[in-house]
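User: I am new to this structure and would like to go through it step by step. Could we begin once it is on screen?

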Amino acid sequence: MSEQKLPPEVQQALVEYENLRNLLAKVETELRLTESELAEIEDILLNLKDLPEDVELYKSIGHILIKKKKDDVVKELEERKELLKVKGQKYKNQVEILRKQLAESEKKLKDLLAKYGIKVG
């Protein structure tokens, strides 16, 4: 049965389900990116720990490199790390909520399909 012939109630439930599914995918992608950047920063911090204090470090800003003190670089990375931890937790919470909402939306959609006697597959 084409989507055009579905009852409005079913169409609305289907749109809600698809929107939630897309939003969940987007948030999961953001979570993976955040976790990846966090792991990279932790690796960099671990490597910086073994370097002498007077080492010359450079930070890329656009198309130029700026000389920075090790302490300043470590401080910036630690701040970014804390920000990413907060963002990561926020995304984890959103994923959990969206998964619950998606399960509820899927149940509602299945119930409506059964109510109207619509077979899927």
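User: What volume does the largest pocket have?

Analyst: The largest pocket has a volume of about 300 Å³. A pocket here is an open set of points on a 1 Å grid over the protein atoms alone where a 1.4 Å probe fits, with protein on both sides within 12 Å along at least five of seven lines; lining residues have an atom within 4 Å of a point. Grid points are joined across faces, edges and corners, and the volume is the space filled by probe spheres set on the points.

User: Before we go on, what should I know about the model itself?

Analyst: This is a predicted model, in which local features need pLDDT of at least 70 and side-chain atom pairs count only at pLDDT 80 or more, while totals for chains, interfaces and linings use all residues. Residues are numbered from 1 along each chain as its sequence is written, and side-chain values use heavy atoms, with hydrogens and water left out.

User: Which element gives the most to the lining of the largest pocket?

Analyst: Helix 1 does, with five residues. Among the lining residues are Glu37, Leu57, Lys59, Glu76 and Arg80. The elements that give two or more residues to this lining are helix 1 (8–49), strand 1 (57–61) and helix 2. Helices (H or I, at least four residues) and strands (E, at least two) are DSSP runs, numbered from the N terminus.

User: How many nonpolar, polar and charged residues are in that lining?

Analyst: The lining has seven nonpolar residues, no polar ones and five charged ones. Ala, Val, Leu, Ile, Met, Phe, Trp, Tyr, Cys and Pro count as nonpolar, Asp, Glu, Lys and Arg as charged, and the others, Gly among them, as polar.

User: How many salt bridges are found in the whole structure?

Analyst: The search finds 12 salt bridges, each being a side-chain nitrogen of Lys or Arg within 4 Å of a carboxyl oxygen of Asp or Glu. One of the pairs is arginine 80 with glutamate 37, at 2.8 Å from N to O. This pair links distant parts of the chain, with arginine 80 in helix 2 and glutamate 37 in helix 1, 43 residues apart.

User: Which residue does glutamate 16 pair with?

Analyst: Glutamate 16 forms a salt bridge with lysine 108, their closest N and O atoms being 3.8 Å apart. Glutamate 16 lies in helix 1 and lysine 108 in helix 2, 92 residues apart.

User: Which residues are linked in a network of salt bridges?

Analyst: Lys59, Lys68 and Glu76 are linked in such a network.

User: Changing topic, is lysine 81 buried or exposed?

Analyst: Lysine 81 is buried yet has no salt bridge; the nearest side chain of opposite charge, glutamate 42, is 4.2 Å away. For charge, Lys and Arg count as positive and Asp and Glu as negative, while His and the chain ends are not counted.

User: Where is lysine 81, and what does it touch?

Analyst: Lysine 81 is in helix 2 (residues 70–115). Leaving out residues up to four places away in sequence, lysine 81 touches Leu38, Ile41, Glu42 and Leu45, where contact means heavy atoms within 4.5 Å.

How values were computed. Buried means under 20% relative accessible area, exposed over 50%, partly exposed in between (1.4 Å probe, protein chains only).
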